[in-house]
Amino acid sequence: MDTILGPLYTAVSWIIVQFHKLYSIPFGEDSGWAWGLSIVSLVIVIRIALIPLFVKQIKATRNMQALQPKMKAIQERYKNDRQRQSEEMMKLYKETGTNPLSSCLPILAQSPFFLALYQVLNKIANNQVVGVLNQDLVSSAREAHVFGAPIAARFMDSADKVETLNASLTDVRVVTVIMILLMSASQFYTQRQLMTKNVDLTVKTPFMQQQKMLMYVFPIIFAVFGINFPVGVLVYWLTTNVWTLGQQMYIIKRNPTPGSLAWKQRQEKLRAKGKLKEDPAEVQARKAVEAARANRQQPKRMTKAQRQAAAAQAEAKKAEEQAAEGKPSTAEKTSGGDRPARTRQQPKKKSGQRKGPQRPKHPSKK
């Protein structure tokens, strides 16, 4: 691991050291603010470098949403032929220029820096030199506290290990729990904002179900793994979540997905300002729909007695109309009117006739 990520250790530690020199001027070299803000600045540098990948992620996500109906049709058509289904999917991706992995590019590109920072802070906690951090800088970073918790401490650390970092276990656990909750909440709100504002809800696709599931799964994953992250890594991840949230807000406001709630709100604002050019036929159709909706009256709620009285009144009115036309009413049809009831006559029995079947006489007997 150290051999593969060695260059990243050097890059991450060098960026942190440069920002530490800058923040040491107002806060001091051993200040937790100097080291904490250095980690925050590291996040900002990485996220600025990943903006082109983020733009690709937005485009890939939109393309995947637009292709969901076609993908579903392919799955239904070739549900018994997995190989043909995969070939048709790849053909669809190639024709539309869509890459399913593009939506994961920012996370994949950021993962090596995350692992490198994790290892750098882990070595600082173990008082080991790493990258461009010499022994004096490592000792200074070990002594740095963020809200009373050392940046190299974890929630699961023992009391003895925390004491070696000149802190109390209670302070470390309180700070880590608060940061884990904030980290999970920011992740949940980011995904929820994407689902409620920047997705076309008129099209129900499996992709939407997956995104909805991730909205609940990701915060739980962060909470579970967060107890093993050093405080410095929690600062890193909380900062990147807040950055993602703000960046997503900007994208949704400026360039929302067509058909989404954010897109409709943006269209209304542009229409109110007169900056939206529309087809006159569409404007007339929309006004007609709005007028019909405004004139439509909702039926009043009635009690059971009122419903029965209304039904009886309607039945009486119908009977009067039928009587005026000379037709029999419903009640007359049911009872048969004045026609006498037809009685069924039983056949008369002949005298002398025995009841029941008679036994035939035997021919030999007289």
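**Exercise 1. A residue in helix H4**

Which residues does Glu-88 touch, not counting residues up to four places away in sequence?

*Solution.* Before starting, keep in mind that this is a predicted model.

- Step 1: Find Glu-88 in helix H4, which covers residues 82-96.
- Step 2: Leave out residues up to four places away in sequence; Glu-88 then touches Ile-74 and Tyr-78.
- Step 3: Check the accessibility. The relative accessibility of Glu-88 is 18%, so Glu-88 counts as buried, since buried means under 20%.

**Exercise 2. The whole protein**

Describe the protein by its secondary structure, its buried share and its contacts.

*Solution.* 

- Step 1: Start with the secondary structure, which comes to 14 helices and two strands.
- Step 2: Turn to burial: 35% of the 366 residues count as buried.

**Exercise 3. A lysine in H5**

*Solution.* 

- Step 3: Go along the chain to Arg-142, 19 residues apart from Lys-123; the two C-alpha atoms are separated by 9.9 Å.

**Exercise 4. Rings that meet**

Classify the pair of Phe-222 and Trp-237, and find the cluster that holds both rings.

*Solution.* 

- Step 1: Count the aromatic pairs in the structure: there are nine.
- Step 2: Recall what is needed: a pair of aromatic rings is described by the distance of the centres and the angle of the planes.
- Step 3: Apply this to Phe-222 and Trp-237. Their ring centres are 5.4 Å apart and their planes stand at 40°, so the pair is tilted. For the cut-offs, planes under 30 degrees apart would be stacked and planes over 60 edge-to-face.
- Step 4: Follow the chain. Phe-222 is in helix H9 (residues 206-226) and Trp-237 in helix H10, 15 residues apart, and the pair links distant parts of the chain.
- Step 5: Check burial: both Phe-222 and Trp-237 are buried.
- Step 6: Widen the view. One aromatic cluster is formed by Phe-114, Tyr-118, Phe-222, Phe-229, Tyr-236 and Trp-237.
- Step 7: For another ring, turn to Phe-155. Arg-173 lies over its face, at 5.0 Å from the ring centre.

**Exercise 5. A cavity and a pocket**

*Solution.* 

- Step 1: Start from the idea that rolling a probe the size of a water molecule over the atoms shows where empty space is left.
- Step 2: Count the cavities: the structure holds one of 30 Å³ or more. The volume of the largest cavity is about 50 Å³.
- Step 3: List the residues that line the largest cavity: Ile-16, Trp-35, Ile-39, Val-120, Leu-121, Ile-124, Leu-133, Ala-141 and Ile-151.
- Step 4: Sort the lining by element. Helix H2 (32-49) and helix H5 (105-125) each supply at least two residues, and H5 gives the most to this lining, with three.
- Step 5: Sort the cavity lining by class: nine nonpolar, no polar and no charged residues.
- Step 6: Move to the second largest pocket, with about 440 Å³ of space. Of its 13 lining residues, the closest to the centre are Ile-252, Lys-253, Arg-254, Arg-266 and Lys-269.
- Step 7: Name the elements that give two or more residues to the pocket lining: helix H8 (169-197), helix H10 (231-254) and helix H11 (261-273). H11 gives the most, with six residues.
- Step 8: Sort the pocket lining by class: five nonpolar, two polar and six charged residues.

Definitions and conventions:
Residues are numbered from 1 along each chain as its sequence is written. This is a predicted model: local features need pLDDT of at least 70, side-chain atom pairs count only at pLDDT 80 or more; totals for chains, interfaces and linings use all residues. Side-chain values use heavy atoms; hydrogens and water are left out. On a 1 Å grid over the protein atoms alone, a cavity is a set of points where a 1.4 Å probe fits but cannot get out, and a pocket is an open set with protein on both sides within 12 Å along at least five of seven lines; lining residues have an atom within 4 Å of a point. Grid points are joined across faces, edges and corners, and a volume is the space filled by probe spheres set on the points. Helices (H or I, at least four residues) and strands (E, at least two) are DSSP runs, numbered from the N terminus. Ala, Val, Leu, Ile, Met, Phe, Trp, Tyr, Cys and Pro count as nonpolar, Asp, Glu, Lys and Arg as charged, and the others, Gly among them, as polar. Rings of Phe, Tyr and Trp (its six-membered ring) pair if their centres lie within 6.5 Å; planes under 30 degrees apart count as stacked, over 60 as edge-to-face and the rest as tilted. Buried means under 20% relative accessible area, exposed over 50%, partly exposed in between (1.4 Å probe, protein chains only). A charge sits over a ring if NZ of Lys or CZ of Arg is within 6 Å of the ring centre and within 35 degrees of the ring normal. Contact means heavy atoms within 4.5 Å.
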